[in-house]
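Please keep the sequence and the structure at hand while reading.

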Amino acid sequence: MQPIKVETEKGHELVRRAIHSQIEEGLLQPGQKLPSVVDLSTSFGVGRSTIREALSALKATGWIDVKHGGGTFVNKVLPTLQSNSRDPFEESESVKEILEVRIWLESGSAAFAAERRNDRDLENLKQIIEQMEQALEMNNTQMSEHADIEFHLAIAAASHNKLLNTLMSSLTSKLTETMGKTRQLWFFEDKSSSTLLLKEHQSIYNAILAQNSELASQLIQAHLHKVENVLKRRDILE
């Protein structure tokens, strides 16, 4: 990997773009194994959580494949999207607009995931739930936030709709970038809030496991409306 120093506030997006560019330019070949998170963190000059967020976005859009216990690889079959594709959310700086689209998009994503999920999808979601539980026990807000983002991207991946997957990845990156790291303070500031979020994610997972598309859609809508209400109370929505 070519060393690059980035600002940590938007580092995950810059790292994502850098790795994406190296794949498209052929510096990273299909099937090639990427360096470890630790090595990438050193190479890019950012924290490990920033690297994980970038890899999550690349995985969600089909550029890489993360094999638990086996490493991260460039996908053998790459998406047809070009690096100069326009980000559909690049012009919006409004958290309110982005969140409204997210609620609409994720309700459909959860319904499709419940209908189409396979064993691999379920295992991925289960592992993320376990990460949330571990983060709660450790009272680790960074780990909690990362697992939260991973969970929603994993649901999009389980929809097995490439376009929906791409939109969710772009939307999640934009929302994280717009709200910044203070999101941790809003949603993971105390153990009771983190416990409630964990229970809501567990309920969504159980609905997807049971292939109850209607319930999965309802639960994720309710979950995101609660997020919306928190932001309204804190005068974050614009």
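At what angle do the axes of helix 3 (residues 48-60) and helix 6 (residues 141-158) cross? In this predicted model, the two axes come within 10 Å and cross at roughly 0°. Because angles under 35 degrees count as roughly parallel, helix 3 and helix 6 are described as roughly parallel to each other. On the side of helix 3 the contact is made by S49, R52, E53, S56, A57 and A60, and on the side of helix 6 by Q142, H146, I149, E150 and L153. Sorted by class, the residues of this contact are four nonpolar, four polar and three charged.

Helix 6 also packs against helix 5, at an angle of about 165° and with the axes 9 Å apart. That angle makes helix 5 roughly antiparallel to helix 6, and the crossing of the two is left-handed. From helix 5 the residues that meet helix 6 include L125, I128, I129, M132 and A135, while those of helix 6 that meet helix 5 include M143, A147, F151, A154 and I155. The contact of helix 5 with helix 6 has 14 nonpolar, five polar and three charged residues.

| Helix pair | Angle between axes | Distance between axes |
|---|---|---|
| Helix 3 and helix 6 | roughly 0° | within 10 Å |
| Helix 5 and helix 6 | about 165° | 9 Å |

Which residues have the most contacts inside the largest nonpolar core? They are L125, M132, F151, I155 and I208, in a core that has 24 residues. Two or more residues of this core are given by each of helix 4 (95-116), helix 5 (119-138), helix 6, helix 9 (191-209) and helix 10 (213-233), and the largest share, six residues, comes from helix 5. Leaving aside residues up to four places away in sequence, I208 touches A110, A113, A114, R117, L122, L125, I155 and A216.

L163 and T61 are 102 residues apart in sequence, yet their C-alpha atoms are 8.6 Å apart in space.

Conventions:
Residues numbered from 1 in each chain as written. Predicted model: local features only at pLDDT ≥ 70, side-chain atom pairs only at ≥ 80, totals over all residues. Heavy atoms only, no water. Axes fitted to C-alpha atoms, helices over the stretch in contact; angles between N-to-C directions. Helix = DSSP H or I, 4+ residues; strand = E, 2+ residues; numbered from the N terminus. Parallel < 35°, antiparallel > 145°, perpendicular 65-115°, else oblique. Contact = heavy atoms within 4.5 Å. Nonpolar A, V, L, I, M, F, W, Y, C, P; charged D, E, K, R; others polar. Core = buried A, V, L, I, M, F, W, Y, C linked by side-chain atoms within 4.5 Å. Buried < 20%, exposed > 50% of the residue type's maximum accessible area, 1.4 Å probe, protein only. Left-handed = near helix turned anticlockwise from the far one by under 90°.
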